[in-house]
Each structure stands twice: as structure tokens, then as C-alpha cells.
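Biologist: Could you walk me through some side-chain contacts in this model? I would enjoy going through them one by one.

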Amino acid sequence: MNKLFINAGWVDARDGSTYDLVNPSTEELISKMAKAGLADAVLAIDAAAEAFKTWRHTTPYTRAEILKKAAAYLREHLGTIATDMVLETGKPFAEAKGEFAVAANLFEWYAEEGKRAYGKTIPTNRPDKRSSYIWQPMGVIGVITAWNFPAYNPARAWAAALAAGNTVVAKPAESTPLSAHHLLQALVQSGLPKGVINLVTGDAPAIGDAMLRDPRLKKISFTGSTRVGKILMDGASLTQTRLSLELGGNAPVLIFDDVDTDAIAKSASVARFRNNGQVCIAPQRFYVHKNIYSEFAAKLSKYVSQLKVGFGNEEGVQIGPLITKKQRDNVFELLEKSKKENARILTGGYIPDQLPKGYFVQPAVVTNLDQESSLAKQEIFGPILPLFSFDNLDDGIEKANNTEYGLAAYVFTNDLKTAIHAAERLEFGMVGINEWAPHGTELPFGGWKQSGQGHESGSEGLFEYLEKKLISIGGL
Ligand code: ADP
């Protein structure tokens, strides 16, 4: 579990480098991990390119058998593998288990969807000509993923890429390799042939470089920050490497004055702080109608102050630690900056007394903010809930859209007209109306503006890993 997986073998980095994998709940060492560099990434691409020669000719039915077995393996081992996710992320056990269950669903769903890569026959304007297009796998796919959902992020890209007939070089985040190892084990145990999937964790820029430079690697699927997404776009311009980018978000939530404020405040306290706010579609900028603002703020603070922070393997814990010290430093820096901007913290925003070790932060609710506040402009990726107010639909939409990001947005209202107008005018790739989870295995997940390009999950996610080929026959 502490090595790289290249050409069906668990190996050390070629230069013997390692890095420390740290438990964010205790700050203790979990394990020394092999640290891949450019040379290891090239070996992984070699293996994947060789494997593609035969894997591309397997039928979607053969690939489906393997993916379905892998789904069954994950379901069978949920309890044990989720424990490792808790170890490396600190997230509550139930969430870790739920995430692996979703990974299993993704494997199963793409096993079936791979059979539906239908082409098209197109009537032509000449009697002696017949034209159609088919979909073909691309080749080697590089999958670079973030740590916040260490099973879900890789699973949705691996499943679609493999179902489509590609081979994969996976680079999970350095802080969460164990969850990816379990996903990989599931596939390997289920008969995935040698070289079809390879895993290298380590020097991210070097691995990214190896992927971008190699013409055999046709596409990079990336989940992570807008900053790194842009680096990949720069690099890809040299080689025309295709990219799918799932980047940052700064999701607005519009809460109108016709809702049950208590119910929404309660569910918001859970939704906002799921995974400690380290979620790209996390509801983030809360715009509450001025008529219910004070009432909502009071109710919300009450619920947020009741959230239980602690070790993910303890019963009843809802919030674990942040993933790294750096991530926690960012949160405190943002809070300090906000205080200087006259923001008021209603609850939280400190290290809980009983948790001096580990990267814990008591969830915070912050008010006295406006559109110029740092908390309106910056992606937070931590346990802070900023509250703003709005006057009417036009004002709310304008404020919500005032961001460079365009991933998810949320609207709460009981008025159908308001819901439809808001949904249509919000400049975001996903809009949740009266719900906190506008995503699913079968739904296209993707962002507008600086939140990315392309889609993962759903049938759209399959076609991200296929190339369209026109075949035209003349002289008939
Ligand atoms: P986050 O802020 O969510 O950690 P990052 O964008 O820093 O997001 O990381 C997401 C993934 O991108 C991780 O697997 C990380 O190792 C990888 N990564 C970071 N820098 C680079 C880079 N220069 N090239 C390729 N991958 C990178």
C-alpha cells in the first residue's frame, strides 16, 4: 500500500524517494510512501500505451464484467477500506463508507453505459456516398485527482475511461493515496489486465509534465484547483493534449423569504460543513432575503454551534480535521482578513479546546459582509459560512453571478416562478432547487467560467473519453 503500481507490479520510485503520509487527526506518520518522479511517470505511460494495444479491442461487454466485479469487491469490503480513508482524511466513517459505495455505483453504472457508445449514420447529398461516425477510445488517459473525495474523484474518471476502452495512468493526491490503492485493488482483483491501470503518486508537477509531454497520453482528466488547471492548460497548448477540468467553485445559495427558515437553517448547517467545506460544489456564499436575515442567522448559528467536531472514527462525529496544516492556515488567514474588514463571527472559527492536535477548526458563521468582502470573492475550502443579504430576485441573481467561478448554485423557495427564473438566470453548470445535492452518478457534473471544462459522470462523462471518427464511403 505504500508503493507505486506500474505494469501490474508494486514498485518503489526509481530514485528511491519517499514522502511522509500524515494523519490529519493526530499529525502522526501513517507511512512512508514511494514518491514518483518524471521517470516513474514515463514508465507508467509506457505500460499503459502497451496495454492499450489489446485493451482497445476488448468489447464493452468484457470491460463491463471487470468493472462490475470491482463494484462488488468494493461493496464487500466497504467497512475495512473506509477505515483507511478515515485514517488519511479524518472524515467521518459514515461519509467514507458512503463515498466508497458511490465509487462502486460509478463502476457499475459505467460498466453498463460503456455498451451505449452509439454512433450515427448521416444521410448524404450524393447517391454514391454513405457516411457515419463511430466512437473510439482515445489511448492513455492521465487522471490527476484532488484529496477531498479520494475515492469518488478517481472512480468517476477511471470508470468512464476504462469502460470506453482506454488505459489509465492515475495520479491521486499525495495526501490520500490509500483510498486510490483500494480502488485499484478492486479492479486488479477483478481481472483488469496488466498495464491497463497504473498509479503514480509523488512529485505532482513532474508527473504532470511527463503526462503533458508524451504524445501517447491523449487526455488529462483533472480535479483540483483553478490554479493548477491553468498550468495544465498552458502545457496542453504545446501538445494539444485534451483536457477535462473540474476546478474550483464559489457556490451561491439564494434563500427566499417564503421558506421554512428553521428547516433550511438546519439542513444548511450540515450541507455547508460536509467534508469541512472542502468540496468544490460546497454551498458557500449564503444570500438570505432581508426579511428573514436576522431570524435565519440566529437559527443557523444555533445549529452550527451544535455540530460535533472530532475524530472520524468516533460515533456521532460530523466534522473531522482539515486535510493539512496549510489548509487550516489558509482558513485562519481568511478569518483574520475578514475581521480586519469588519466582519463579525457569530460562532466558531477557533481550534476546539479538546482537540489541540490535528488540523481541527470549530465551524464558523460570519456576518457583516458585502460583495467586496474577501469571503465573497475567494473560494474558502474550509469550515466558514459567510452570510449576506439580498432584496429581491434581480438583486440576488446579480450578487450570486458576481464571481469568476461557475460550478454550482442553490436556490430555496416555494414559489415556482422564482425557482424557474432563478435557475435559468444563474451562470453555473449545476443548479440545485430546494436541494443540496445537484449531482449523481447518472448526471453530468461540470462547471462554467473558471470552474472548468467538460463533464464527468453521466453519459456525457463517457463521451469525454471517446473520439468521434467520421467514416465516409464514396464511389458506391
Ligand atoms: P487542491 O487545492 O484541491 O489540493 P491542487 O490543484 O493543488 O488542488 O491539487 C489537485 C491535484 O493536482 C493533486 O493530485 C495535486 O498533486 C496535483 N497537482 C498539483 N500541482 C500540479 C502540477 N503542477 N501539475 C500536475 N498536477 C498537479
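Modeller: Happy to; what follows is a set of questions and answers on this predicted model.

Biologist: Let's begin with charges: how many salt bridges does a search of the whole structure find?

Modeller: Side chains of opposite charge can pair when their charged atoms come close. Searching the whole structure for such salt bridges gives a count of 22.

Biologist: Which residue forms a salt bridge with Lys219?

Modeller: The closest N and O atoms of this salt bridge are 2.8 Å apart, and the partner of Lys219 is Glu464. Lys219 belongs to strand β10 (residues 217-223) and Glu464 to the loop between α15 (458-463) and β22 (466-473), so the pair ties together parts 245 residues apart in sequence.

Biologist: Over the ring of which residue does the charged end of Lys219 sit?

Modeller: Besides its salt bridge with Glu464, Lys219 has a contact with an aromatic ring. Its charged end is 5.4 Å from the ring centre, and the ring is that of Tyr465.

Biologist: How far apart in the chain are Arg425 and Asp394?

Modeller: Arg425 and Asp394 form a salt bridge, with their closest N and O atoms 3.0 Å apart. Arg425 is in helix α14 (residues 416-425) and Asp394 in helix α13 (residues 393-401), which puts these distant parts of the chain at a separation of 31 residues.

Biologist: Now the rings: what geometry does the aromatic pair of Phe256 and Phe390 have?

Modeller: There are 12 aromatic pairs by the rule used here. For Phe256 and Phe390 the centres are 5.1 Å apart and the planes are at 75 degrees; planes over 60 degrees apart count as edge-to-face, so this pair is edge-to-face.

Biologist: Finally, which strand holds Ile134, one of the residues in a nonpolar patch on the surface?

Modeller: Ile134 forms this patch with Ile471, Ile473 and Leu476, and together they have about 330 Å² of accessible area. Ile134 itself is partly exposed, at a relative accessible area of 33%. Its strand, residues 130-137, is β6.

Technical notes: Residues numbered from 1 in each chain as written. Predicted model: local features only at pLDDT ≥ 70, side-chain atom pairs only at ≥ 80, totals over all residues. Heavy atoms only, no water. Patch = residues over 30% accessible without salt bridge, like charges linked within 9 Å, V, L, I, M, F, W, Y side chains within 5 Å. Areas by Shrake-Rupley, 256 points an atom, 1.4 Å probe, with all protein chains shown as cover. Salt bridge = Lys/Arg side-chain N within 4 Å of Asp/Glu carboxyl O. Helix = DSSP H or I, 4+ residues; strand = E, 2+ residues; numbered from the N terminus. Buried < 20%, exposed > 50% of the residue type's maximum accessible area, 1.4 Å probe, protein only. Phe/Tyr/Trp six-rings, centres within 6.5 Å; stacked < 30°, edge-to-face > 60°. Lys NZ or Arg CZ within 6 Å of the ring centre and 35° of its normal.
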